[in-house]
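Student: Could we go through a structure together, please? I'd like to start with helices and then move on to strands.

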Amino acid sequence: MPQVDPEKQREFAVEIVRRLRARGFEALWAGGCVRDRLLGITPKDYDVASTARPEQIREIFGILRTVPVGAAFGVITVIGTRTAGHIEVATFREDKSYSDGRHPDSVEFSSPEADARRRDFTINGVFYDPLDDRVIDFVGGQEDLACRVVRAIGDPRARFAEDKLRLLRAVRFAATLRFALDPDTRRAIREMAGEVTLVSAERIAAEMRLMLVHETRANSVKLLRDVGLLAAVLPELFAGQATALPSVSAEPDRVRWALTLEVLDRLDTPTFPLALAALLHAFVSAAVAYEICRRWKLSNRESQRTAWLLEHQSALLDARQMPWSKLQKLLIAEGSDELLRLHEAVAKATNTPTAHVEHCRALLTMPREQLDPPPLVTGNDLIAHGVRRGKLYPKLLGAVRDAQLDKQVASKAEALALVDRLRASGDDPDQTSGD
């Protein structure tokens, strides 16, 4: 699919404002796109706020080009071209009580100023008129942008009580924008950190993903720890779990935290599983990491990859001395590049040589037929040779494959001869299992 073109997206956001104005409604850009524009950053997406009601927005842009993703809260998605993307148009509103600590129980359509004051942080509460090139600021957001401060709008405890996810969002904005937390906002986060668990696991994971894949990931983790949120969302890091690295497990917490932050800082554009593994590697085992991933409802692929990286986080240290049959399996695995990047980041963080990483990367340049040659025998070959299939049947194939990779057998005949020797010695798993 074509990528969204930032210029086309901006033009589409201007067109939406123009069409709403032509029908007599007030319409302004709102939220993150205004913040980013004022910071000189190209917005990733645009939001429009308007006095038009949801049904009026749909009438103006057409039923087929609009989706009522949050009509109850006054939010309609307007569909643009494939290169312009989609833009959310929301009616100016006030939110009523938040019984669940995440969503308003009801909303009341209102004015731009009331809409601004119900938002989370001053830097996200500024509006912009793209037609008249005019900033509308009811909450002091421009001043806080200039001072590089993340400040809750109004009483921070009230803002966080309304939506507990804002606790994590405050840290994300401060870390990724390299801003400071306003002192009152920071105190409120520390006091209310334990309440973040009222947020769904999926939303917690989504915020952690945004922080860990960003280049400021080490700053995010440090700030999460300082304000008490990391202990709330990842209590396992503070429970003294055993890891795959006994030498690291024996270190004081301050040493492990310093190492973790340094490893995170050494990663370059990591995937979420790699960044999460780097965060967890000095504190928990692969099994515990997998349970964290399942709690956060990550996909099977991401959960398995994170656990696999931790399971093998020290496996390549002796790569030059490892039997090829063992090393080869790690190098041809789908996550081998991430594993090498984790090893490299740990080595650089601890100021130790990276020769094992360089050795593995050199091996990966071998022609495919050398790196991963076709097996000398298959299951069909064993059946034709008179071996009955059993529950442990794959072990026999695995033994032959290891022998092939370690150059102990070089032909199908030699491989089948090894099968016969294993069976004669009683090591044939087929003899202890039925069909």
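Tutor: We will take a pair of helices and then a strand with its partners. This is a predicted model, where local features need pLDDT of at least 70, side-chain atom pairs count only at pLDDT 80 or more, and totals for chains, interfaces and linings use all residues. Residues are numbered from 1 along each chain as its sequence is written, and side-chain values use heavy atoms, with hydrogens and water left out.

Student: OK, at what angle do H22 and H23 cross?

Tutor: The axes of helix H22 (residues 393–405) and helix H23 (residues 412–424) cross at roughly 130° and come within 10 Å. That makes H22 oblique to H23; angles under 35 degrees count as roughly parallel, over 145 as roughly antiparallel, 65 to 115 as roughly perpendicular and the rest as oblique.

Student: And which residues make the contact?

Tutor: With contact meaning heavy atoms within 4.5 Å, H22 brings Leu396, Ala399, Val400 and Ala403, while H23 brings Ala415, Leu418, Val419 and Leu422.

Student: Switching topic, which way do the residues of strand E8 point?

Tutor: In E8 (residues 126–129), Val126 and Tyr128 point one way and Phe127 and Asp129 the other way, and all are buried, that is, under 20% relative accessible area with a 1.4 Å probe, protein chains only.

Student: What about Phe127, which residue is its bridge partner in E9?

Tutor: The partner of Phe127 in E9 is Ile136, and E8 and strand E9 (residues 134–137) pair in the antiparallel sense over four bridges, where pairing requires that DSSP finds at least two bridges between two strands.

Conventions
Axes are lines fitted to C-alpha atoms, for helices over the stretch in contact, and angles run from 0 to 180 degrees between N-to-C directions. Helices (H or I, at least four residues) and strands (E, at least two) are DSSP runs, numbered from the N terminus. Buried means under 20% relative accessible area, exposed over 50%, partly exposed in between (1.4 Å probe, protein chains only).
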